Amino acid sequence: QVQLVESGGELVQAGGSLRLSCAASRRPFSSYAMGWFRQAPGKEREFVAAISSNGGSTYYADSVKGRFTISRDYAKNTVFLQMNSLKPEDTAVYYCAAGFGSTSSYDYWGRTSSYRHWGQGTQVTVSS
């Protein structure tokens with residue numbers, strides 16, 4: 001069982017930046033693709049970004065492309081989500097997820113069903 005712990009969420013003004021972190025408890029971290037999803041009140045959980053197990057491929061939702069960057073640190077078993085130019089519509093609980101496999105497909109890693117392990121979430125609030 002992989003345990004994922006997110007951190008870094010907080011209240012920020014529109015136009016500001018945040019970096020979310022997700023620490024994984026178990027090796028081999030390098031076997032898992034990692035994703036970030038978010039869920040706003042009254043809405044379904046939606047895909048934000050993902051990174052392949054070897055770090056060679058990244059995938060982004062259109063709504064965050066050019067503003068958010070996903071990366072991973074294998075030595076620290078951690079995946080990051082750098083969020084710039086934040087907007088009020090980015091307000092949500094952000095979840096980290098781990099999925100086993102090496103498929104290189106935006107459609108695959110953009111689905112919640114492709115991930116087996118989930119964190120508890122971290123709240124991001126962007127004020128206007």
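Visitor: What makes Arg-72 count as lying over the face of Phe-29?

Guide: In this predicted model, Arg-72 is placed at 4.3 Å from the ring centre of Phe-29. The cut-off for a charge over a ring is 6 Å, together with a limit of 35 degrees from the ring normal. Arg-72 is therefore described as lying over the face of Phe-29.

Visitor: At what distance from the ring centre does Arg-45 lie over the face of Tyr-95?

Guide: For Arg-45 and Tyr-95, the value is 3.7 Å.

Visitor: How many aromatic pairs does the structure hold?

Guide: There are 10 aromatic pairs. In one of them, the ring centres of Phe-37 and Phe-47 are 5.6 Å apart and the planes meet at 70°. Centres within 6.5 Å make a pair and planes over 60 degrees apart make it edge-to-face, so this pair is edge-to-face.

Visitor: Where in the chain do Phe-37 and Phe-47 lie?

Guide: Phe-37 belongs to strand 4 (residues 32-39) and Phe-47 to strand 5 (residues 46-51), so the pair links distant parts of the chain, 10 residues apart. Both residues are buried.

Visitor: Why is the pair of Tyr-108 and Trp-109 called edge-to-face?

Guide: The centres are 4.7 Å apart and the planes are at 85°. An angle over 60 degrees counts as edge-to-face, so the name applies.

Visitor: How do you know whether Trp-109 is buried or exposed?

Guide: Its relative accessible area is 1%. Buried means under 20%, so Trp-109 is buried. Tyr-108, at 26%, is partly exposed, because that class lies between 20% and 50%.

Visitor: Which residues do ring pairs link into a cluster?

Guide: The cluster consists of Phe-37, Phe-47, Tyr-59, Tyr-106, Tyr-108, Trp-109, Tyr-115 and Trp-118.

Note on methods
Residues numbered from 1 in each chain as written. Predicted model: local features only at pLDDT ≥ 70, side-chain atom pairs only at ≥ 80, totals over all residues. Heavy atoms only, no water. Phe/Tyr/Trp six-rings, centres within 6.5 Å; stacked < 30°, edge-to-face > 60°. Helix = DSSP H or I, 4+ residues; strand = E, 2+ residues; numbered from the N terminus. Buried < 20%, exposed > 50% of the residue type's maximum accessible area, 1.4 Å probe, protein only.
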